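Dear colleague,

I am passing on a structure for you to look through. My notes follow below it.

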Amino acid sequence: MTTAASTTHPVALDATAALAGPGGHLMPSRALSDLVDADASDWARFATHWDELTLDTHMADGGTYRFRRYGQFELDADSGELSLLPHEPYRQEMDVNPLNGGVERVFDPLTGAFVGDQLLRSVLVELGRIFTAVDGTKTWNIKLHPYRIIASADQEGQPAPEGRHRDGVTFITSLMIGRTNVTGGESGVYTDAGEHLLTTTLTEPGDLLLGDDRRTLHSVTGLQPVDPLSASHRDVLVIAYTAR
């Protein structure tokens, strides 16, 4: 695996044009895999980190359907240098997240194996270079939110319990890691005025939805088990880039 791809790669050019235009873009798994030189074995290895997530005890709706960790990096887009930042509480204001905002939430940190995974580092660098090509930012704060959303016969899984929203960052992405025995989870991207830009259901490991968070809103529908008697979950990595 390499990180040699650049914004001259056709996949990166497509994403840059879409983000500079409408503001939302779907990058299928085959395209992202080509951009970061990953194969099925890389995605399968990366998915094992989601077995290390812990219960989110800060859900204001009382839900026990979300498992997660949290951490952040700084990226120099020109050099590709990634620096892991000290672990600290995560905070959003109420105007951004009316469900869970207004308080500092303390989550377990990313594991060392996750932080050191070459696939993660390749994805973060290549996405940073795409976003730099859109707006010229050279240094990015990157917040990482690996989520596992559980669905059961007693509790619908909510990937976006706050409804249609933005995250108060510059660019936001949702990377599909895996789905097990679930239906639902349809993602939508909208303009500020409510115009529908795209709807998709991320299914393949490596499917990636990107949005300019300053100009768009996004949502994800609830999850239900296909077989209520079997374990059901949807694993994603939400990556938030904020210009420094």
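Strand S9 (residues 171-180) has 8 of its 10 residues buried, so the rest of the structure largely encloses it. Buried means under 20% relative accessible area, exposed over 50%, and partly exposed in between (1.4 Å probe, protein chains only). Strands (E, at least two residues) and helices (H or I, at least four) are DSSP runs, numbered from the N terminus.

The model is predicted: local features need pLDDT of at least 70, side-chain atom pairs count only at pLDDT 80 or more, and totals for chains, interfaces and linings use all residues. Residues are numbered from 1 along each chain as its sequence is written, and side-chain values use heavy atoms, with hydrogens and water left out.

Which strands pair with S9? One is strand S13 (residues 208-212), antiparallel to S9 and joined to it by 5 bridges. Here serine 174 stands opposite leucine 209. The other is strand S16 (residues 233-243), also antiparallel, with 9 bridges to S9. In that pairing arginine 179 has arginine 234 as its bridge partner. Two strands count as paired if DSSP finds at least two bridges between them.

**Helix H2**

Helix H2 (residues 29-36) is mostly covered, with 6 of its 8 residues buried. These are Ser29, Ala31, Leu32, Ser33, Leu35 and Val36. What do they pack against? The helices are H1 (10-20), H3 (40-47) and H5 (118-135). The strands are S1 (24-27), S9 and S13. Contact means heavy atoms within 4.5 Å. After H2 comes aspartate 37, with a positive phi near 55°.

**The whole chain**

The protein has 5 helices and 16 strands. Its radius of gyration is 17 Å, close to the 18 Å that the globule rule gives for 244 residues, so it is as compact as a globular protein of that length. The radius is taken over C-alpha atoms, and the rule is 2.2 Å times the number of residues to the power 0.38. The C-alpha trace spans about 50 × 40 × 35 Å along its principal axes.

Of the 244 residues, 51% count as buried. Among contacts with a separation of 6 or more, 79% are between residues 24 or more positions apart.

Best regards
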